[in-house]
Amino acid sequence: MSTASKYELTWELDSLLPHPESDAFADHLGQFRSDLDALAEASEQLPAVDAEPAHVATWADFVERVSQLLAREEDLHAFVGCHAAADAENQHFQRLEGVLSSLGPKRSQILTNVELALKSVGPEELEAFVKADPRLEQVAFFFEESRKNAALRLPKDQELLSAELAVDGIHAWGRLYDRLSGALRIEVMEKGELVKKSPGQVQFDSKERSVRENNFYAASKAWNTIADMCADALNHISGFRLTRYRRLGVQDHLDAPLRLNRMQRETLETMWGTATERKGCLKNYFDTKARLLGLEKLTWYDLQAPLPVVSRGAEAGELSYDEACDLVIRTFEEFSGDLGEFARMAIEQRWIEVENRPGKRQGGFCTGFPTKQQSRIFMTFTNTPDSMSTLAHELGHAYHSWVLRDEPLLLQEYPMNLAETASTFAEAVLGDRRLADAESAESKLAILDNMLSDAVAFLMNIHARFLFEDRFHVERCEGELSSGRFSELMLEAQKDAYLDALDPDGWYPGFWISKLHFYISGWPFYNFPYTFGYLLSQGLYALASEAGPDFPQQYRDLLIATGNRETEEAVGSTFGYDLRQPDFWNRSLDIVESRVNEFVRLAEPFV
């Protein structure tokens, strides 16, 4: 086992469940499957949703069983997912992912029966029903959400068939992408020799432009070898969804992701509209960074380049995992003792996998084990400030789950957009502390560069993903797209989202191949929640200085509200802002613009 001098680089999983290759795990999975079958059968016998005492008692008992079973299911998916991510080519772990996916129809059967039972129930009837038993009243929000989600359910027989077909349909295509990307190796030159690396190990932040350029083209070449297969996966993932949407009669392909995020269309449109109006200031950042790098214009592989004016040290991208952990813990403690204590516990108790080694899946994630009241974080630490930000980001996710751990299990679920608020808020806390501690102009420039790179990611990169996905769904209604057409759409989306600010030869049309978010079969439009979370967290953090010592508790209240409120209500009830109006979004974008102005000012002596 690899260790750092102070903190372990690998996580601890054995205390959670028996090892996936053990007989004990097979027994555990078998018992879960049996309990799932029994609950699915019970869901077929549910009585009417009304205040009849016998009906209420049956529903209360059933809902308790549902909450426990869903928590156990989340444990299983998280556990197998952790092992599969850490050992991407392990076929046994891949098979188990398929086995768990095959159980999805039973879960869908249970939730379908719940939601369809509520579909025709009016608000007054539902209120009388939940008030008839404390166990129901405690999770009233679950029933309200289930009633709304019923609009995205097909008639029962069709819904159950769809869920069964999805195992070898949409979800199989998602798993195929995981296997393709997990097995991919990129040949790069190191010390005069060609070496093969996993995609997550290839960096584009070298101070040497030739290294960045070579790595970029090597990665592009490798990803292009699987472009046609990825195009097949993307066509069939989106095609499956669009077929469902046609049957449901929804407005368009955004109805489902908006419902999943408990978010109104007006909020999404206001967010993107305000961001588009204001993000032009980032072109000043691009121009200034290009001048610092001695370039006329930036290319895709220059966006993460370190600034040449920064002296060697941590700000130049050289820090150990120990140093990163200590800084994150200290920073979180200064903001909130509770957040700092949590981060220390998660790091010291080995909830985190960061080792930089071949064979891991790309990217990072935080996954929860609700019955254990624990989380696990997966990432690859590359000794850079960007990796430290990722650590803070994922700890923000884990803290969100931690705050909710004592809520009813059915109220511990929160939508992705609010999940990304907690993670990017944690990044904001870290970034602000680093900026305040920086003593030299060079250090401040490096930190601002990192912050503005984040702004580019959320306001431009994510926007490009959203535009690309939105546009290819429109075209997919008319038939399958070729890999070449996907690349054309990606190029158009990048130019629009980045305001055509990069070098004409500096775009990345093949970005869609390498971005796993497009292939996540369980969640459509895995993009705009990131921008939502970023802008919401920036605005909230700006409020911290005004709120004073009460802010950490107010922030905790928001995190708890994410489990039992619609998105707009969660923010409005805790901070008083209406997200359907541009005021709050402008407040967040003011911060971005002020950072651009400061970056340009500090850079002036060096250009």
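Me: How many cavities of 30 Å³ or more does the count give?
Reply: Two. A cavity is a set of points on a 1 Å grid over the protein atoms alone where a 1.4 Å probe fits but cannot get out; its volume is the space filled by probe spheres set on those points, joined across faces, edges and corners. The model is predicted: local features need pLDDT of at least 70, side-chain atom pairs count only at pLDDT 80 or more, and totals for chains, interfaces and linings use all residues. Residues are numbered from 1 along each chain as its sequence is written, and side-chain values use heavy atoms, leaving out hydrogens and water.

Me: Which residues lie nearest the centre of the largest cavity?
Reply: Glu427, Ala428, Gly431, Met451 and Asp454, out of 14 lining residues (an atom within 4 Å of a point). The volume of this largest cavity is about 160 Å³. Among the helices (DSSP runs of H or I, at least four residues), α18 gives the most to the lining, six residues.

Me: What makes up the lining of the second largest cavity, by class?
Reply: Five polar and three charged residues, with no nonpolar ones. Asp, Glu, Lys and Arg count as charged, so Arg357, Lys360 and Arg361 belong there.

Me: Which residues of α1 make the contact with α3?
Reply: Phe25, Leu29 and Arg33, meeting Leu96, Val99 and Leu100 of α3, with contact meaning heavy atoms within 4.5 Å.

How values were computed:
On a 1 Å grid over the protein atoms alone, a cavity is a set of points where a 1.4 Å probe fits but cannot get out, and a pocket is an open set with protein on both sides within 12 Å along at least five of seven lines; lining residues have an atom within 4 Å of a point. Helices (H or I, at least four residues) and strands (E, at least two) are DSSP runs, numbered from the N terminus.
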